[in-house]
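User: Hi! Could you walk me through this model? I'd like to go piece by piece.

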Amino acid sequence: MEKVFFLIFAAVAVGSALAVVTLKNPVHSALALIACLLQVASVFVLLRSPFLAVVQVFIYVGAVMVLFLFVVMVLDIRQARMEAFPQKERWFVYAIVPVITVELLTVILGKGFPRLGPGSTEATTVEVLGKALFTEYLFPFEVVSVLLLAAMVGAIIMVKKRWD
Amino acid sequence: MFETTVEVIIICIKVGVAGMVLFSLPIPLTWVERKVAGHIQVRLGPFRVGPHGILQPVADMVKMLLKEDVIPTKADKWLFMLAPIMTMVPAFAVFVAIPVGDKFTLPFIGKDITLYMSDMNVAVVYILAVSGLSIYGIIFGGWASNSKYAVMGGLRSAAQMISYEVAMSFAAVGVVMLSNSLSLVEIVKSQSGGLFHWNFLYLPVGPVWFMIFFIAGLAEVNRIPFDLPEDEGSLAAGYHVEYSGMRFAFFMLAEYIAMVTISVLAVIFFLGGWDDPTGVIPLPPILWFVGKVAAFIYLFMWIRFTLPRYRYDQLMTIGWKILIPVSLVCVLVTGLMRI
């Protein structure tokens with residue numbers, strides 16, 4: 001049963017991810033990206049981490065994509081539509097894609113991921129996550145917070161300069 | 001195997017009942033809203049169809065169904081047709097996590113039936129996340145109409161939603177800090193035992209959280225005084241200006257359900273859910289719950305016909321310069337109080 005669901009989610013995720021890069025209209029791409037992120041969230045639910053799934057929907061689908069759309073909608077869509085895909089000038093894309101594919105394949109096939117054992121069928125609760133985050137991973141957590149703060153300050157400074 | 005089948009059937013029945021109730025809710029609500037509007041403005045409101053105009057929503061529905069479904073020539077056809085559904089689906093999906101009572105025992109069989117579909121341990125985050133998704137229907141609907149008023153309405157609602165989602169989430173954080181749980185059933189249980197256990201009366205931060213939640217909620221569901229996305233004065237009708245017939249009705253349906261959701265959440269978060277405030281009145285808990293939600297919905301309507309609309313910059317000022325700083329201070333105070 002679970003496998004069937006996984007296959008559905010995975011197929012739709014891959015399909016919509018392809019649609020993101022192939023669709024000509026940026027607004028349609030954004031819609032496909034929303035669908036893709038929702039499918040990934042469903043896969044997280046199957047992996048017994050509902051919190052991660054919900055946060056994925058909250059942050060990526062709920063906030064980041066709204067901002068994306070905000071930008072895309074004020075762009076000139078007609079111009080973006082004219083561009084051909086794949087673009088001929090961007091030859092380096094053809095070089096990079098095979099390299100990344102080989103890399104990913106070696107990682108996935110070579111080392112493998114730890115399998116979900118019988119003990120890991122319990123869903124990760126928020127309590128467990130919170131404790132891990134604030135004891136074991138406190139340092140990375142704080143570093144990420146400082147990074148985010150720096151990004152925020154940077155964004156504000158960039159806007160300020162234009163005002164003067 | 002038999003147990004699982006029974007569980008699945010029970011869940012299907014619950015989903016069916018909830019879906020039907022939600023679908024039919026706008027029928028009485030539109031009537032009540034127009035009646036409230038009428039009486040506040042010292043007139044009668046709908047009065048022709050049925051006694052006191054009670055069949056007016058039915059007549060409206062027939063009208064909506066028979067109306068021509070107009071799709072503008074230069075519209076993005078598929079997106080235009082998809083958008084109303086995209087607002088409606090999340091509005092319904094939220095109710096998967098919302099409890100309307102604890103549980104009751106079926107007579108004769110002695111089987112306990114819970115009055116919620118699932119008691120998720122991340123329910124608060126789930127509801128905030130999923131209810132935020134209905135904004136996409138508004139944005140895409142506005143964009144796909146290929147009309148500048150509709151696009152402006154869509155952009156406004158995107159900006160408004162991002163701004164007030166922050167304050168709303170902070171209010172939810174406050175509730176979680178007060179109740180020590182992310183599950184809605186647990187949040188209600190932590191407030192049981194009468195009026196003075198409710199989060200609303202957790203002095204001094206309770207009322208402040210409640211006000212933040214309520215104001216942000218008003219803005220999230222695009223109700224007056226924050227209905228800038230459909231400001232008829234400057235935007236015609238905003239994002240749904242090109243919509244007609246059933247598609248327009250779907251937008252309205254989603255808006256009404258969002259209003260009900262905010263009312264339900266306010267009751268669960270701050271007013272003790274199905275808890276009896278006095279502890280002596282022998283009413284079934286579900287009636288308390290419905291009564292509190294109904295009072296909230298009335299409050300929404302009352303505000304709609306009392307307050308004028310804010311200007312767009314005022315809306316942003318309230319969100320970013322008042323609600324968010326206040327909620328940051330409030331998080332600190334609540335944290336100190338809960339140590």
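Analyst: Happy to; here is a short tour, starting with the ground rules.

Analyst: This is a predicted model, where local features need pLDDT of at least 70, side-chain atom pairs count only at pLDDT 80 or more, and totals for chains, interfaces and linings use all residues. Residues are numbered from 1 along each chain as its sequence is written, chains are lettered from A and ligands numbered from 1 in the order in which they are written, and side-chain values use heavy atoms, with hydrogens and water left out.

User: Thanks. How many helices and strands does chain A have?

Analyst: Chain A has seven helices and zero strands. Helices here are DSSP runs of H or I with at least four residues, strands are runs of E with at least two, and both are numbered from the N terminus. Along the sequence the pattern reads α-α-α-α-α-α-α.

User: And what share of chain A is buried?

Analyst: Of its 164 residues, 20% count as buried. Buried means under 20% relative accessible area, exposed means over 50%, and partly exposed is in between, using a 1.4 Å probe and protein chains only.

User: What about contacts in chain A between residues at least 6 apart in sequence?

Analyst: Among those, 62% join residues at least 24 apart. A contact means heavy atoms within 4.5 Å.

User: Switching to chain B: at what angle do helix 4 and helix 6 pack?

Analyst: Helix 4 (residues 77–93) and helix 6 (residues 135–144) of chain B pack at about 160°, and their axes are 7 Å apart. That makes the two helices of chain B roughly antiparallel. For the cut-offs, angles under 35 degrees are roughly parallel, over 145 roughly antiparallel, 65 to 115 roughly perpendicular, and the rest oblique. The axes are lines fitted to C-alpha atoms, for helices over the stretch in contact, with angles from 0 to 180 degrees between N-to-C directions.

User: Which residues meet there?

Analyst: From helix 4 of chain B, Leu79(B), Phe80(B), Ala83(B), Met86(B) and Thr87(B) meet a set in helix 6 of chain B that includes Tyr136(B), Ile138(B), Phe140(B) and Trp143(B). The residues of this contact divide into nine nonpolar, three polar and no charged. In that scheme Ala, Val, Leu, Ile, Met, Phe, Trp, Tyr, Cys and Pro are nonpolar, Asp, Glu, Lys and Arg are charged, and the others, Gly among them, are polar.

User: Why is helix 6 of chain B called largely enclosed?

Analyst: Because 10 of the 10 residues of helix 6 of chain B are buried, the rest of the structure largely encloses that helix. Among them are Ile135(B), Gly142(B) and Ala144(B). Asn146(B) follows helix 6 of chain B and has a positive phi, near 55°.

User: Which other residues have a positive phi without being glycine?

Analyst: Val42(B) has a phi near 50°, and Asn180(B) has one of about 60°. Val42(B) is in the loop between helix 2 and helix 3 (56–66) of chain B and is exposed at 75% relative accessible area. Asn180(B) lies in the loop between helix 7 (148–179) and helix 8 (184–190) of chain B, and is exposed too, at 63%.

User: Where does Val36(B) sit, and what does it contact?

Analyst: Val36(B) is in helix 2 (residues 26–40) of chain B and is buried, at 11% relative accessible area. Beyond its neighbours within four places in sequence, Val36(B) is in contact with Tyr298(B) and Met301(B).

User: Last one: how many disulfides?

Analyst: Zero, over all chains, taking a disulfide as a pair of cysteine sulfur atoms within 2.5 Å.
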